[in-house]
Amino acid sequence: MPFSRFLLSKDKRVFVRPLLLFLLLAVLLSAYYGGKVYTRGVMELEQQLATLADKKSAELQLLLVNIQEDVQFLEKTPGVQGMVRASFNAGLDPLQGDSLEIWRARLKQIFSAYLVANPALNQIRFIGIADEGHELVRVDRIDGTPVAVADNQLQPKAARDYFMAIAKLGRDSVYISDISLNREHGRLSQPLTPMVRAGMPVYRQDGQLFGMLVLNADVSRLLASIGSIPFEFGPIRTLMVNAEGDYLVHPDAAQSFGFDLGERHLWSHDFNLVSPRELAASHSVPGLSQSGTFYFSKKNIALDPDEPQRVLTLITLAPESVVLNRAVMAGSYCLLAIGLLGLICGGVFYYFRMKLFLKNEQFKLQAVSELETLMRQVIEAAPYAQVLINQAGVIEMVNAQTEALFGYARAELLSKPIETLIPARFHRQHPGLRNAFLAKPETRPMGLGRELYALRKDGSEFPVEIGLSRIDTKQGAKVLSAIVDISERRHFIAELSQRNQALSSLEKRFRQVIEAAPNCMVMTDNLGRIELVNAQTEKLFGYLREELLGQPIEMLIPQRFRHQHPGLRSGFFAKPENRAMGLGRDLYALRKDGSEFPVEIGLSRVDTTVGIKVLSAIVDISERKQFTDELTRRNQELNNFAYVASHDLRSPLRGVDQLATWLEEDLSGKIDPESAEHLRLMRGRINRMEQLLADLLAYARAGRLEGDPELVDTADLVRDTFELLCLDAVFRLQLEGNFPRLRTARVPLELIFRNLLGNAIKHHDRAGGEIRVRVRPGRNSFEFDVIDDGPGIPPALAERAFSMFQTLRPRDEVEGSGMGLAIVKKTVETFGGTISLTPNSPRGAVFSFSWPDKVRESLPEPVS
């Protein structure tokens, strides 16, 4: 039948209906395949977006962590605290004696060296809180070289946002700023340089804020790296915005950092469906931009864990057209293939059905192939060695970690028996163990209870941990082995065991030392519970050890002191340091029988793995206190005796002296010269005896603080004393050193200088001379030297010179009782100082004594 007639006949429905059905099925199948390709493409695109976002954000996160660690490290350097101490001590560090300028120079050197060692850092500054946040030390990187900024170029920074944010932080807190363009003197620096800043407050020892450390890191290279896309990610683009939605990274560089350049370019301007808040809460979703639909993935980088709104958001995005075009093209190819198939097959429905079946099988094979490819990728990406073997123990698959662990190339292992990787001594038993696993397969560790070893290509063995998994395939059962080198783990476990043994031995020795201590030793925790006592504690307090352990320390304290003890204990734990307990107070302890006794307690901090403990050394001072009280009483009696003796003896002496004076006047010119000389000698000895009694009384009173401490200019004190002793100009006084102004007792210090300067003048063997007074700062004191150029004192007589009633020349030649230096020595030692005598070169003597830089408001009575 001609084809034209067939089309006009009623039989055409036999051809047209199947043809229409075929075309409908072809369209539906093409749409279905295109949808599948679209769905798979969306999943792959989202995975690529997430992978790239994770990769890029990790680089930025690493930089933020590094600069945070950098600023924490620099805050602990000695130069920072040295400048703090020197700034509040008239420019001189009271701890090490270095000046503020020396610390500033050291800090510049530290900052410069740190910039050399850390290329990512561009600037390090130490900013004070005073003077509107004026910079104290600043080092910049200029043309790759660290350069310390001159003092006249340092700037105030109190108006900057990072300064105000850091000033609010507590001790040891770190501030990470937003990324912005660098400014100098209020203007953007050229070329434009994006910076991120890390800052940390610096506190004084009294808890007051002194300043802050600020580090600037140049992130231009990092942002350029974030903006660059590896070839394998195709049309994907990366953006970065701050918490307000301003672009920090954009393919169009003109839109980056618009908020610093005067024209903001926001995420919401280009992507009107997703606000910054919605963006921060999203992960990988479709959105709508001015250019159409897109897919994006984001990664938040937190700047401050305590302020969740302060984040940087890294966004990876791609237009929907990437996936849509691929799906349309796949659907078109599918429709074309079905059309060609329809043209070839014509109206043969059977052939069409067979073709459709083959197509379905092709999809299944493709799915199987994709699954196998995915499995190979998972095995290859595993962080440990993976080996797949068949039932005969032949290696069929390995990953890169296997090559790295065993030293073989992949081609050297494939088709080789698994025993290649096992030491020879285990070869014989391994096939039986493998067959036993295949007979009863279950995912489990291999060799439970046994030590497993593997063999490298170079013949070396190493301990391993192996996990076995059965995989069923069309070719039969396979075994996938996960192999982990545990050499480092074993080494760590062995080292940890040794350390535990050492700690146990150390704890044992510590307990032995405590037990053997001659004093009572008690250790408590921060709640005051007794954890350790020694035998002396049992003996002193009358308790058994078991009665004390676990009990509060207050059980050893009298009832009247218990209410205040927890507060004192908390104060010690707030600032633990080794010291005596209860300075200036009488301490008492309570025995089991209820009796009290005076004690002396030393507190020591003990750091343990479970926190800070306090070790108390307790000494019963009952006998010492009785002895001290008795000594004080006798000392008072001696003082009273000296006063009474001086007063009662001086009155008769004055009467004898008056009678001798009358005899000398009445007999003037009537007696021979020898008798007159005897009268003169008698009066001289009476005067010497009276001076001796006065000096005895002065010695008994030596060291007592007369009047309250006052502010004394030591230079004026020395000059005034010298002018009173030397009325003519035959002796010269020279002062050397920076004489301090001290809050001290004037009278005792004046007494010392009056005796030393008077001796230098009185005992000089020439008509005139020079006296030098020198001062040197010491630790909690000042060292004074009185130097003369007189006859000097032989070294053999140095100690004797400070004894009572000692004169180095006959009293008939030089008037004196021999008590002056003894009074000086007692006065110096009463105030906690020392005095010594050394020869001067070429002649003369040097008297050196120390005097405290502060004197207590009241001093104890001197003990004889």
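The model is predicted: local features need pLDDT of at least 70, side-chain atom pairs count only at pLDDT 80 or more, and totals for chains, interfaces and linings use all residues. Residues are numbered from 1 along each chain as its sequence is written, and side-chain values use heavy atoms, with hydrogens and water left out. Helices (H or I, at least four residues) and strands (E, at least two) are DSSP runs numbered from the N terminus.

**Helix pairs**

- Helix α23 and helix α24 (residues 746-762) pack at about 45°, their axes lying 9 Å apart; axes are lines fitted to C-alpha atoms, for helices over the stretch in contact, and angles run from 0 to 180 degrees between N-to-C directions.
- The crossing of α23 with α24 is right-handed (the near helix is turned clockwise from the far one by less than a right angle; anticlockwise gives left-handed).
- On the α23 side the contact (heavy atoms within 4.5 Å) includes L717, V718 and F722, and on the α24 side it includes L749, F753 and I761.
- By class, the α23–α24 contact has eight nonpolar, three polar and three charged residues, where Ala, Val, Leu, Ile, Met, Phe, Trp, Tyr, Cys and Pro count as nonpolar, Asp, Glu, Lys and Arg as charged, and the others, Gly among them, as polar.
- Helix α3 (residues 78-87) packs against helix α4 (residues 100-117) at an angle of about 160°, with the axes 9 Å apart, which makes α3 roughly antiparallel to α4.
- The crossing of α3 and α4 is left-handed.
- Among the residues in that contact are V80, M83 and A86 of α3, which along with others meet L100, W103, R104 and L107 in α4; the contact residues divide into seven nonpolar, three polar and two charged.

**The five-stranded sheet**

- Five strands form an open sheet of mixed pairing in the order β28-β30-β31-β33-β32; two strands pair if DSSP finds at least two bridges between them.
- Strands β28 (731-736) and β32 (835-839) are the edges, each pairing on one side only, and the twist averages 20° from one strand to the next.
- Strand β28 runs parallel to β30 (residues 769-777), joined by six bridges, and F731 has G769 as its bridge partner in β30.
- Helix α23 (residues 714-725) lies across β28, β30 and β31 (781-788), at about 170° to β28.
- Helix α25 (residues 820-830) packs on the sheet against β32 and β33 (845-852), its direction making about 30° with that of β33.
- Strands β32 and β33 are antiparallel over five bridges, with T838 partnered by V846 in β33.

**Backbone geometry**

- Most residues other than glycine have a negative phi, and most peptide bonds are trans.
- The hairpin of β32 and β33 has five residues between the strands, and G844 takes a positive phi near 110° there.
- A cis peptide bond with omega of about 5° joins S841 and P842; P842 lies in the loop between β32 and β33.
- The bond from Q190 to P191 is also cis, omega being near -5°, and P191 lies in the loop between β7 (187-188) and β8 (194-203).
- A90, although not a glycine, has a positive phi of about 60° and sits in the loop between α3 and α4.

**Salt bridges**

- The structure holds 43 salt bridges (a side-chain nitrogen of Lys or Arg within 4 Å of a carboxyl oxygen of Asp or Glu).
- One of them joins D172 and K76, whose closest N and O atoms are 3.5 Å apart; the two residues are 96 residues apart in the chain.

Technical notes:
Parallel < 35°, antiparallel > 145°, perpendicular 65-115°, else oblique.
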